[in-house]
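Please read the following report alongside the sequence and the coordinates shown below.

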Amino acid sequence: MTAIWAHRGACAYAPENTIPAFQLAIDMAADGVELDVQRTADGHLVIIHDETINRTSNGVGKVVDLTLEELRRCDFTNGFVGRRNLKIPTLNEALELFRPTNLTVNIELKNSVELYPGMELEVVKAVSAMGMDDQVLYSSFNHFSLAELRGLVAPENLALLLTDGLLDPWSYANWFGAGAINPDYRTLQQPGFVWLAHEAGIKVNTWIVNKDEDAQRLAESGVDAIITNFPDRVGDAVRRPGF
Ligand code: G3P
Ligand code: MG
């Protein structure tokens, strides 16, 4: 059964990477959630996608240059009608929300532009302190960073984010010591992609799948998880009998 994970929370319905978007993911019966982690100037782990706050808040500046207090003064409502005064969540606040649930939490370390040296261990410590080691899947486009995680977490909790159409990426994953690849769904063009990955013992979690027909095709091919902005509708589509 293909799992449905809410991308940046249920970000089609509430401001991305905010507590309301995460709560909606729970309410919509998603099987998991994907969120992006970065670090403030004063060392706090926060949930935000872009390296700057310009697009998603009423403030300006780089996350790496701002303190948590400065970030907390900004509103991350991001134009969503009916929402106001939404604060940037810390990683701990997000983890606290998901800890009592059975949702998989896919923590993407957003460290390809700002590298945030040492953030890997800080994130693992935060997760461990919550007792959530088995509930979290760590991913990043920065595979140097994921390599830092290899000694800290089990291979099945590591996922290599991929943007390009690579041949046999499951071979790379096995060499790397990661249990999953998280590719852009548009790159799954190699015939038998998911079958071959599974034969190699590698899971496939794919993003960002927002159309029902794409989700159904991918679910039929056996992907392990679909990451989507619409966990309710896409979830219904892949669970619909006889699609
Ligand atoms: O982790 C899947 C997906 O979130 C990767 O792309 O840019 O949305 O973080 P992005
Ligand atoms: Mg992401």
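Predicted model: local features only at pLDDT ≥ 70, side-chain atom pairs only at ≥ 80, totals over all residues.

## Confidence of the model

The protein has a mean pLDDT of 97, and 100% of its residues reach 70 or more. The scores of the model are ipTM 0.99 and pTM 0.98.

## The nonpolar core

The largest nonpolar core contains 72 residues, and those with the most contacts inside it are Ala25, Val33, Ala159, Ile181 and Ile226. For Ile181, once its neighbours within four places in sequence are set aside, the contacts are Ala159, Leu160, Leu162, Pro169, Trp170, Ala173, Ala197, Ile202 and Val204.

## Helix α9 and its cover

Helix α9 spans residues 231-239, and its buried residues are Pro231, Val234, Gly235, Ala237 and Val238. Viewed down the axis of α9, these buried residues fall within an arc of 160°, so they line one face of the helix. The elements that cover them include β1 (3-7), α1 (19-27), α8 (212-221) and β9 (225-228).

Ala215 counts as buried because 26 other C-beta atoms lie within 10 Å, where 20 or more are required. Not counting residues up to four places away in sequence, Ala215 touches Val209, Ile226, Thr228, Val234, Ala237 and Val238; of these, Val234, Ala237 and Val238 are among the buried residues of α9. Ala215 and Gly235 are 20 residues apart in sequence, while their C-alpha atoms are 8.6 Å apart in space.

## Two asparagines with positive phi

Most residues other than glycine have a negative phi. Asn17, although not a glycine, has a positive phi of about 55°, and a positive phi of about 55° is also found at Asn78, likewise not a glycine.

Asn17 lies in the loop between β1 and α1, whereas Asn78 is placed in the loop between α2 (68-72) and α3 (91-98). As to their surroundings, Asn17 counts as buried because it has 29 C-beta neighbours inside 10 Å, while Asn78, with 17 C-beta neighbours inside 10 Å, counts as partly exposed.

Notes:
Residues numbered from 1 in each chain as written. Chains lettered and ligands numbered in written order. pLDDT = per-residue confidence, 0-100. Core = buried A, V, L, I, M, F, W, Y, C linked by C-beta atoms within 7 Å. Buried ≥ 20, exposed ≤ 12 C-beta atoms within 10 Å, placed from the backbone. Contact = placed C-beta atoms within 7 Å. Helix = DSSP H or I, 4+ residues; strand = E, 2+ residues; numbered from the N terminus. Arc of directions from axis to C-beta.
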